[in-house]
Amino acid sequence: MKSGVFNILKARFLIHDDAVKNWRFIVFIILLAIIMIANTQRYEQKVFEIAKLSNEVKELRSEFVDRRSELMKLKMESTISNKMLEKQIYPSTVPPVKIEVKREEEKSFFQRIWQ
C-alpha cells in the first residue's frame, strides 16, 4: 500500500506502459471541465443580460406612465382654454347647433341641373 501511494504521488501511473488509457481519461476529464466552465460563463452572461433588460423595461414603463399623465393634463379643457386665452381666443357663449342636410334621393344630379 505504501508503494501504491508513492507511485501516485510520483505520477508513475502516467509513464508506465499502460499509461495511454490514463492519459485519455485525464484529457476527457479536462475537456469536460472546460465545457462546464464555458457553459457556466454563458449562463451568467444571460442572467446579467436578463437583469439589464428587466431594468430597462421598468424604466420605459415608468417613462410611459409619466408621458401618459402629461398628455392627459394637456388634453384637459381647462389647459386648452388657458392656452387659447393667451392667444386671445375666448370660449363661445353660444351653444353649438346641429345642422341637418336632407338629400334628394329621387332626383339625379342631371335632373336637378335641368330644372
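According to an unreviewed UniProt entry, residues 43–70 form a "coiled-coil region". In the structure shown above, which is a predicted model, that span is 100% helix and 0% strand.

An unreviewed UniProt entry gives residues 23–40 as a "transmembrane region". Here too the chain is 100% helix and 0% strand, and the end C-alpha atoms are 26 Å apart. Helix α2 consists of residues 19–75.

The chain as a whole may now be considered. It has four helices and zero strands, so that, read from the N terminus, its elements follow the order α-α-α-α. Of the 115 residues in the chain, 2% are buried, where buried means a relative accessible area under 20%.

How confident is the prediction? The mean pLDDT of the chain is 85, and 86% of the residues reach 70 or more. Among the elements, α2 has the highest mean pLDDT, at 94, whereas helix α4, which consists of residues 109–114, has the lowest, at 62.

The next point is the meeting of two helices. Helix α3 is made of residues 77–86, and its axis comes within 5 Å of the axis of α2. The two axes cross at roughly 60°, and α2 is therefore oblique to α3. On the α2 side, the residues in contact are Lys 73, Leu 74 and Lys 75. They meet Glu 77, Thr 79 and Ile 80 of α3. Sorted by class, this contact has three charged residues, two nonpolar residues and one polar residue.

Is Gln 88 buried or exposed? With a relative accessible area of 62%, Gln 88 is exposed, since the term applies to values over 50%.

Methods: Residues numbered from 1 in each chain as written. Predicted model: local features only at pLDDT ≥ 70, side-chain atom pairs only at ≥ 80, totals over all residues. Heavy atoms only, no water. UniProt positions renumbered as here; feature names shortened; annotations may be inferred. Axes fitted to C-alpha atoms, helices over the stretch in contact; angles between N-to-C directions. Parallel < 35°, antiparallel > 145°, perpendicular 65-115°, else oblique. Contact = heavy atoms within 4.5 Å. Nonpolar A, V, L, I, M, F, W, Y, C, P; charged D, E, K, R; others polar. pLDDT = per-residue confidence, 0-100. Buried < 20%, exposed > 50% of the residue type's maximum accessible area, 1.4 Å probe, protein only.
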